[in-house]
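Visitor: I have a chain open here and would like to talk through some of its details. Could you take me through it?

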Amino acid sequence: RCIMAHNINYNSKTGKYSFFSVKEKAWHGLGQTVEQYPTSAEAIKYAGLDYQVAKSPLYTKGSEILVTREGIEVGSSELAVPDCFATIRTDSNAVLGVVGKDYHIVQNREAFSFFDAIVGGGDGILYETAGALGQGERIFITAKLPDYIRVGKGDDVCEKYIFLTTSHDGSGSITAAFTPIRIVCQNTLNASIRSMSNVVRIRHTSGAKQRLEDAHKVMGLADRLSAQLEGIFNNWSQVKIADREVKKLIQLALCPNKETLELIRKGAENEASAIFKNTVEDAFAYAMASEAQQMQTTKGTLFGAYNAVTGYYQNVRRYRDGEAKLQSIVMGGTAQEKAQKAFDLCMAFKTDGAEILNLN
């Protein structure tokens, strides 16, 4: 096992370090450097991540006293530790950690499915680096998006890396996020975790694989990068909208019931519940002050109004935990419902100088 600061896993069977990078050699000079962006299947092999992890029941030794004709003898017996398991790397039998009965293993190949799902499968994702740390108990993957839905020329999300890290020792959640740092070792992983944005965390429980496959949606990424949707967003970025109209759109999109809608129609929003009013104010504050809302494509535009609603649920609203956020945004929850409402309102937007929002 390598104990230097980089902590890159050394595989004694292959004689290679479990790390790969594209074109640019890492400062520690370890692992494989490739010239072309690999597919996920190739990246797994280059990075030495093509191993499985299994849960094995945990045992301890107990002592027992045996009375025989010859006298008293002290023996030992094997005792199962209730609800405790060791996670074992099956290619080397290395024990990676100790976990409970509800811990669900997410294999390395399944971690790559997070990236592949962003582009609907295939080899469109640009894998930059990947590797294993310690004995393989923690892995990391960094990538760039190939053709993210761009709105105008100011969207620089492609210049950031998207990364995922997970552990096999029970020490933490599956974590996915954006970061400006290209991860090549333990130190840069730690730095990336400190500087990450729009983070999603998924616990190692039943259903983790499905949540992982859907996690990219929480980060504001589409299942498939649609040229049609790009055209719509670019069109919206050219349509100007006043601040009062932004607030009205937010009110309508976040409206919880018919009674509140009737109050909005009457201009009596102040009579609505405190929860609704506070939610609207938080979303409107995001619309007015967020850095993402100050771009040429979002400031004072219809796209900015739509982005204020989706951005509120992704970046402002507080959730009980990462799984509650996934449920709300991805799995038919409140955020998904309100985002669709905002989209419909923007599609019905009138640009001929008439009343901006149709309340019928």
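Guide: Let us begin with Lys 23, which is exposed, with a relative accessible area of 53%. Please note that this is a predicted model.

Visitor: Stepping back, how many helices and strands does the chain have?
Guide: The chain has 11 helices and 12 strands. Of its 360 residues, 47% count as buried. Among contacts between residues at least 6 apart in sequence, 60% join residues at least 24 apart.

Visitor: Let us turn to helix packing. At what angle do the axes of H6 and H8 cross?
Guide: The axes of helix H6 (residues 243-254) and helix H8 cross at roughly 135° and come within 10 Å. That makes H6 oblique to H8. H6 passes H8 in a right-handed crossing.

Visitor: Which residues make that contact?
Guide: From H6 the contact involves Asp 243, Val 246, Lys 247, Ile 250, Gln 251 and Leu 254. From H8 the residues are Phe 276, Thr 279, Val 280, Glu 281, Ala 283, Phe 284, Ala 287 and Met 288. By class, the contact of H6 with H8 has 9 nonpolar, 2 polar and 3 charged residues.

Visitor: How does H6 pack with H11, and at what angle?
Guide: H6 and helix H11 (residues 334-347) pack at an angle of about 135°, with their axes 8 Å apart. The two helices are therefore oblique to each other, and the crossing of H6 and H11 is right-handed. Leu 249, Leu 252, Ala 253 and Leu 254 of H6 make the contact with Lys 338, Lys 341, Ala 342, Leu 345 and Cys 346 of H11. By class, this contact of H6 with H11 has 7 nonpolar, no polar and 2 charged residues.

Visitor: And H9 with H11, how far apart are the axes?
Guide: The axes of H9 and H11 are 9 Å apart, and the helices pack at an angle of about 175°. H9 and H11 are therefore roughly antiparallel to each other.

Visitor: Which residues meet there?
Guide: Leu 302, Tyr 306, Val 309, Thr 310 and Tyr 313 in H9 meet a set of residues in H11, including Thr 334, Ala 335, Lys 338 and Phe 343. The contact of H9 with H11 has, by class, 9 nonpolar, 2 polar and 1 charged residues.

Visitor: One last residue. Where is Gln 293, and is Gln 293 buried or exposed?
Guide: Gln 293 is in the loop between helix H8 (274-289) and helix H9 (302-316). Gln 293 counts as buried because its relative accessibility is 2%, and the cut-off for buried is under 20%.

Visitor: Which residues is Gln 293 in contact with?
Guide: Leaving aside its neighbours within four places in sequence, Gln 293 is in contact with Tyr 286, Ala 287, Thr 298, Lys 299, Gly 304, Asn 307 and Ala 308. A polar atom of the Gln 293 side chain lies 2.9 Å from the backbone oxygen of Gly 304.

Methods: Residues are numbered from 1 along each chain as its sequence is written. This is a predicted model: local features need pLDDT of at least 70, side-chain atom pairs count only at pLDDT 80 or more; totals for chains, interfaces and linings use all residues. Side-chain values use heavy atoms; hydrogens and water are left out. Helices (H or I, at least four residues) and strands (E, at least two) are DSSP runs, numbered from the N terminus. Buried means under 20% relative accessible area, exposed over 50%, partly exposed in between (1.4 Å probe, protein chains only). A polar contact is a pair of N or O atoms within 3.5 Å; within protein, one must be able to donate a hydrogen and the other to accept it, and residues adjacent in sequence count only if both atoms are side-chain atoms. Contact means heavy atoms within 4.5 Å. Axes are lines fitted to C-alpha atoms, for helices over the stretch in contact, and angles run from 0 to 180 degrees between N-to-C directions. Angles under 35 degrees count as roughly parallel, over 145 as roughly antiparallel, 65 to 115 as roughly perpendicular and the rest as oblique. A crossing is left-handed if the near helix is turned anticlockwise from the far one by less than a right angle, and right-handed if clockwise. Ala, Val, Leu, Ile, Met, Phe, Trp, Tyr, Cys and Pro count as nonpolar, Asp, Glu, Lys and Arg as charged, and the others, Gly among them, as polar.
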